[in-house]
Amino acid sequence: MTRIFYHTPASVVHAQMGSAEKLSSELNGEGFDDSPLGQKKMNGFEHIGSVFPVAQSYGRWITHNRLLMSIYIVIFKARINILLPFGPLAVILHYLTGKHGWVFFFTLVGIIPLAERLGYATEQLAHYTGPIIGGLLNATFGNATELIISIYALKNGMIRVVQQSLLGSILSNMLLVLGCAFFSGGIVHSNKVQVFNKAAAVVNSGLLLMAVMGLMFPAVLHFTHSEVQYGKSELSLSRFSSCIMLVAYASYLFFQLKGQHNLYSPIDEEKDQDDGTDFDEVDAPEITLWESIAWLAALTVWVSILSGYLVDAIEGASQALSMPVAFISVILLPIVGNAAEHASAIMFAMKDKLDITLGVAIGSSTQISMFLIPFCVVIGWIMGKGMDLNFQLFETASLFITVLVVAFMLQEGTANYFKGLMLILCYLIVAASFFEHVDPSASDIHN
């Protein structure tokens, strides 16, 4: 490629520089030409110069309004955010009084709106990322509250609290949430039989049974005393099984989002059209991509701070409230952490959208059992903590029986208020069992 260079004489350069200096002096008011042509020229420059301050002020006005609108949508629009002040009050009580019972209660209440807003920010971000990355975000941040609490408990060496809180999340979603949803939907739609897609329920039930198998083998290996290296073999088995479970959950995400998309379409075509119309209205993003990322980061930091105070207050709250740590971990923590999901599952069941209800309740249980639990084992492995899948016989048996009961309830593909009532009563039995359950001591756990 040939380049052509032009030589400019020095006289021309000086002439151009002089004209530029003359133009600059005219713009600064020096050597102003009083002729009509000069006034017209200056009026043109004044008009152009006035555009820039207006554009800058307009940009600042848009940014300011967008910020206010984002704060209104995330903080003030949701009614559940009336509970947000309980979080700062818990921090104040921690330093002023040191009463672990009140700190625990206020922290629990303060985390409820944060968990709901975390789910909202994740949904908003998923609009801009596509289905596959959105599914991964949902898997990561859908139960972010439980994950953050578990990481803090792992850091403090409270492995039993991690195990029991994650187990309690599964039990509450499968029995309490699904039971309340079936019961409420059956009462509202008592004149008809509510149906849901059995294909998704069968796949989730299979994954839950696989999770039960992953939890059962380390417990059986521990309590049958059949291992050569006592205490080490079950930990190695837990870590290997956790990696396998994570691979299985990743395969499930791909299967659900890409491989068998038609398998999860609603049964009735008219219902499909109606649901599509509703989803188009609901799925419109309310905040921008960067606002979603910023809110997700801010909410995660605040949940992390409150989780630290919550974990530190568990043992003191157990003594102050005269409740076993097992009951607090299995019953109270999951109910509060999943309060927003509970309400949404019941609401969708009352609107006769049981497919979404199952996605919230059973899908969340699958997410915890196949993603959060093995992920916590891997995190404990990195931290050097002995987090394993040995959830002890009582907890493992509770999970196994719960999965069997729910699987039998879902095999027909129908729901009614009687099935919901049975699930709620089963959860009451589980809650009473953990209220009477005495957790093993640290020496019994490691021996």
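Tutor: In this predicted model, S307 has a relative accessibility of 0%, and because buried means under 20% relative accessible area, S307 counts as buried. The residue belongs to helix α11, which covers residues 289-320. Leaving aside residues up to four places away in sequence, S307 touches I111, I148, I149 and Y152.

If you follow the chain onward from helix α11, you come to the loop between α11 and α12 (325-337), and S322 is found in that loop. With a relative accessible area of 59%, S322 is exposed, whereas S307 is buried at 0%. As background, most residues other than glycine have a negative phi. Q392 lies in helix α15, and with 8% relative accessibility Q392 counts as buried, while S322 is exposed.

Helix α15 leads us to a helix pair. In general, two packed helices are described by the angle between their axes and the distance between the axes. Here α15, made of residues 392-410, packs with α16, made of residues 417-436, at an angle of about 175 degrees, and their axes are 11 Å apart. Angles over 145 degrees count as roughly antiparallel, and α15 and α16 are therefore roughly antiparallel to each other. On the α15 side, the residues that meet the partner helix are F394, E395, S398, V405, V406 and M409, and on the α16 side they are K419, M422, L423, C426, S433 and F434. By type, the residues of this contact divide into 8 nonpolar, 2 polar and 2 charged.

One of the α16 residues in that contact is C426, which is partly exposed, with a relative accessible area of 26%. Another cysteine, C243, also counts as partly exposed, at 34% relative accessibility. A search of the whole structure for disulfides finds 0.

Helix α15 also holds A397, which is partly exposed with a relative accessible area of 35%. A397 and M216 are 181 residues apart in sequence, yet their C-alpha atoms are 8.4 Å apart in space. A further pair of this kind involves Q256, whose place is in helix α9, residues 233-259. Q256 counts as partly exposed at 26% relative accessibility, and its C-alpha atom is separated by 8.8 Å from that of A200, which is 56 residues away along the chain.

These pairs can be set beside the figures for the chain as a whole. Among contacts with a separation of 6 or more, 82% are between residues 24 or more positions apart. The chain has 17 helices and 2 strands, and of its 447 residues, 43% count as buried, with S307 being one of the residues that count as buried. The accessible surface of the chain comes to about 23,500 Å², and 67% of that surface belongs to carbon and sulfur atoms.

Conventions:
Residues numbered from 1 in each chain as written. Predicted model: local features only at pLDDT ≥ 70, side-chain atom pairs only at ≥ 80, totals over all residues. Heavy atoms only, no water. Axes fitted to C-alpha atoms, helices over the stretch in contact; angles between N-to-C directions. Helix = DSSP H or I, 4+ residues; strand = E, 2+ residues; numbered from the N terminus. Parallel < 35°, antiparallel > 145°, perpendicular 65-115°, else oblique. Contact = heavy atoms within 4.5 Å. Nonpolar A, V, L, I, M, F, W, Y, C, P; charged D, E, K, R; others polar. Buried < 20%, exposed > 50% of the residue type's maximum accessible area, 1.4 Å probe, protein only. Areas by Shrake-Rupley, 256 points an atom, 1.4 Å probe, with all protein chains shown as cover. Disulfide = S-S within 2.5 Å.
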